[in-house]
Amino acid sequence: MAKGFEFKLGGRTVNQKQFMDGIKQKMLDQAFAAIEEKVRGTAGAIVDPETGKRPAVFVRRKGNDGYVIRTEGSPEFARELERRLGLEKGQVENVTVAAKEVPHVYLAHASEDHESLARPLAEKLMAAGIEVWLDAWEIRTGDSLRRKMESGLSDCTHFVVLLTENSIGKPWVETEIDAGFLQAVQGESRFMGLRIGVPITRLSPFLKTLRCPETDLDDEAEVAALIADIHGVSTKPPRGEKPTYVQNAPSGIKGWSASAVAVARYLVTNSVNGCKFDPQTTVAKVAEATGLPEEDVRLGVLDLSDSALIETQRMDDMRFWPLIGLFVEFDRHFLDFDNQKDAVAVANRLVSEGVSQADIAEDVASWFADWPVRRLNSALAYLEESKVIDAHHSLGQPPYVMSFLFVTDRTRRFVRDHG
């Protein structure tokens with residue numbers, strides 16, 4: 001009988017299925033490495049228009065079928081990176097995206113309603129702390145009507161149209177409605193139609209699908225309700241005290257649900273060294289420690305898992321653990337150090353020492369001897385995740401997140417940009 005084929009993978013003898021799975025995994029690893037290199041190469045060529053520097057970019061693998069791109073740069077930087085990579089708007093996520101503090105209203109109306117309705121409403125909104133784009137205030141002699149309109153639309157948080165007998169069916173108002181609806185679909189503003197003296201049956205089929213309430217602009221209570229709505233004040237009953245797990249969420253954290261922040265806080269503050277798998281925990285343990293209902297813990301875990309910051313193991317009581325990206329994103333919010341500033345300090349020392357590589361335990365730890373391992377690991381994780389350094393990992397490296405690091409041109413550029 002002929003001897004069967006022998007499959008080897010990484011020096012080990014494996015069966016055929018293990019061999020094929022290993023080949024598939026290697027191909028996936030290579031594909032992700034190519035994507036990551038393209039993203040970082042493209043990002044490295046872009047200077048943030050807001051800061052004049054090259055911000056950190058994190059490319060995180062999400063299972064075997066996806067990846068997440070996040071940046072500490074401005075929204076303008078994120079949009080430019082998307083454009084150059086051929087991605088859709090929003091595919092490059094911002095670590096911190098500040099919301100517009102002052103609502104901006106684009107007020108669309110028929111010219112016949114300007115003096116009787118539009119201007120009085122605009123003045124009331126302005127007096128209530130709401131910025132208003134009104135054509136008579138914004139368009140001067142010689143201005144391009146189209147450009148001024150586009151500028152007002154691009155800045156608005158709320159598109160408000162006065163639906164009256166004069167405006168319904170008017171071509172220019174219809175054009176504004178189309179533009180306002182497109183802004184709303186893209187998530188850039190909110191569409192608000194106000195019916196004044198016209199029944200809902202007079203509206204177009206499209207406007208009938210939207211909530212366009214009958215409004216009396218001479219009624220102060222109705223105008224006050226409109227102002228509150230634009231400011232985001234809910235008509236719901238007053239809330240009670242926040243649960244303990246969200247009361248002290250740092251103001252600098254934006255774009256995360258309260259449950260995701262609570263889970264992240266638990267993992268960050270209970271990690272001994274800030275490494276992958278540190279700590280491993282369960283939904284039940286986090287629920288008990290934070291006061292969150294288990295369902296909310298699961299939703300927080302899902303948010304963090306979708307952003308490639310934690311890994312999960314499906315069991316009756318689901319287990320999960322952090323990836324180093326979680327510490328990169330959240331350490332500075334919950335601990336008494338800033339890992340971004342620490343990363344700059346480490347990179348500065350590497351470049352000033354003129355080394356091409358450094359042993360973490362013997363070199364880097366001795367340079368920062370007054371830092372606990374937890375703090376040093378957080379800075380090193382930041383440098384590795386943003387590809388400022390190349391890292392070498394080995395089984396005997398604990399308690400550090402890597403055993404050796406290698407200085408690259410990206411390290412030198414990082415120091416020049418941030419040092």
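Modeller: Helices α1 and α17 (409–418) each give at least two residues to the lining of the largest cavity. Helices here are DSSP runs of H or I with at least four residues, strands are runs of E with at least two, and both are numbered from the N terminus. The model is a predicted one, in which local features need pLDDT of at least 70 and side-chain atom pairs count only at pLDDT 80 or more, while totals for chains, interfaces and linings use all residues. Residues are numbered from 1 along each chain as its sequence is written, and side-chain values use heavy atoms, with hydrogens and water left out.

A cavity is a set of points, on a 1 Å grid over the protein atoms alone, where a 1.4 Å probe fits but cannot get out; a pocket is an open set with protein on both sides within 12 Å along at least five of seven lines; and a lining residue has an atom within 4 Å of a point. Grid points are joined across faces, edges and corners, and a volume is the space filled by probe spheres set on the points.

The structure has 2 cavities of 30 Å³ or more, and the largest cavity holds about 230 Å³ of space. Its lining is made of 15 residues, and those nearest its centre are Arg54, Pro55, Ala56, Ser386 and Arg413. α17 supplies the largest share of this lining, with 5 residues. By class, the lining of the largest cavity has 6 nonpolar, 3 polar and 6 charged residues; Ala, Val, Leu, Ile, Met, Phe, Trp, Tyr, Cys and Pro count as nonpolar, Asp, Glu, Lys and Arg as charged, and the others, Gly among them, as polar.

The largest pocket contains about 1100 Å³. It is lined by 32 residues, and Arg61, Lys276, Leu323, Ile324 and Glu385 are the closest to its centre. Two or more lining residues come from each of α1 (16–44), β3 (57–61), α12 (294–306), β11 (310–313), α13 (324–334), α16 (373–385) and β14 (389–392). Among these, α1 gives the largest share, 4 residues. The lining of the largest pocket divides into 13 nonpolar, 6 polar and 13 charged residues.

Two of these lining helices, α1 and α12, also pack against other helices. Two packed helices are described by the angle between their axes and the distance between the axes. The axes are lines fitted to C-alpha atoms, for helices over the stretch in contact, and the angles run from 0 to 180 degrees between N-to-C directions.

The axes of α1 and helix α2 (residues 75–85) come within 10 Å and cross at roughly 125°. α1 is therefore oblique to α2: angles under 35 degrees count as roughly parallel, over 145 as roughly antiparallel, 65 to 115 as roughly perpendicular and the rest as oblique. The crossing of α1 and α2 is right-handed; a crossing is right-handed if the near helix is turned clockwise from the far one by less than a right angle, and left-handed if anticlockwise. On the α1 side the contact (heavy atoms within 4.5 Å) uses Lys38, Val39, Thr42 and Ala43, and on the α2 side Phe77, Leu81, Arg84 and Leu85. This contact of α1 with α2 has 5 nonpolar, 1 polar and 2 charged residues.

For α12, the partner is helix α11 (residues 283–290): the two axes come within 9 Å and cross at roughly 115°. α11 is therefore roughly perpendicular to α12. This crossing of α11 and α12 is right-handed. Val283, Ala284, Val286 and Ala287 of α11 meet Glu294, Val297 and Arg298 of α12. The residues of the contact of α11 with α12 comprise 5 nonpolar, no polar and 2 charged.

Phe277 has a phi near 75°, a positive value in a residue other than glycine, and Phe277 is in the loop between α10 and β10. The peptide bond from Asp278 to Pro279 is cis, with omega near 5°. Pro279 sits in the loop between α10 (258–269) and β10 (281–282).
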